[in-house]
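Hi everyone, thanks for coming. I have one chain to walk you through today, so let me put it on the screen.

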Amino acid sequence: IRTLDRDPSIVLAYTRALTIDSQGNRLREWGAPQELGSSKPALRFGAGLLPSKDPIPLPIFGVMRSAALRKTPLQAGFAGCDLALLSEFSLHGRFHEISEALFLQREHGERAGHQLSRDPHMASSFWMAEQANNLELPSWRNVSALRHAVSKSPLGICDRLRCHREILVWMNRQRNDLLSDLI
């Protein structure tokens, strides 16, 4: 909160994370891409779309500036909606990573995160069981959310075009999931 109070250009502050095993032993420390703190919106946006070494997008557990959060649709109900929210949020300001690892993530055999992050259809069924019989195109839903976020952002035309380019780069990385949605 002090970080947000000190710098109005920062819209989200979060800490580094520590992955621990089932006994609480330290396995590894990690953070999010440094580019999330850039003053360039397209660079932040693209950094939020980079593949993560861990299935959870760490900044989603940070403290968010409420005025900026009210400009988003919040976290919608579809697989990968955290990616869409953070990507849109990055268009409203910089993220700041606190260097201390205060977020603990327990790694164990029953953890669903690894499996769900690698299969958007499984994630859709897991998170939205009541809608499981509906046609769901989770990867295309993310494309739509990302495009909508850029379209309604406060950015100028050049930054919007750069962000749309980042969406195309992300789509290229996600091409197997996008194709799988259609098949």
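Let's start with a pocket. This is a predicted model, and its second largest pocket has a volume of about 230 Å³. Who lines it?

Which elements supply at least two lining residues each? They are α1, covering 2-6, together with β1 and β4, the latter spanning 94-106. The top contributor is β1, which gives three residues.

So let's stay with β1 for a moment. This strand covers residues 10-20 and runs antiparallel to β2, residues 26-30, with four bridges joining the two. If you look at I20, you'll find R26 of β2 standing opposite. The two strands make a hairpin with five residues between them, and in that turn G24 has a positive phi of about 90°.

Now let's zoom out to the whole chain. We have nine helices and four strands here, and in sequence order they read α-β-β-α-β-α-α-β-α-α-α-α-α. Of the 183 residues, 39% are buried. If you take contacts between residues at least 6 apart in sequence, 70% of them link residues at least 24 apart. As for the surface, the chain exposes about 10,600 Å², with carbon and sulfur atoms supplying 53% of that.

That's my tour, and I'm happy to go back to any view you like.

Methods
Residues are numbered from 1 along each chain as its sequence is written. This is a predicted model: local features need pLDDT of at least 70, side-chain atom pairs count only at pLDDT 80 or more; totals for chains, interfaces and linings use all residues. Side-chain values use heavy atoms; hydrogens and water are left out. Two strands pair if DSSP finds at least two bridges between them. On a 1 Å grid over the protein atoms alone, a cavity is a set of points where a 1.4 Å probe fits but cannot get out, and a pocket is an open set with protein on both sides within 12 Å along at least five of seven lines; lining residues have an atom within 4 Å of a point. Grid points are joined across faces, edges and corners, and a volume is the space filled by probe spheres set on the points. Buried means under 20% relative accessible area, exposed over 50%, partly exposed in between (1.4 Å probe, protein chains only). Contact means heavy atoms within 4.5 Å. Accessible areas come from the Shrake-Rupley method with a 1.4 Å probe; for residues, only the protein chains shown count as cover.
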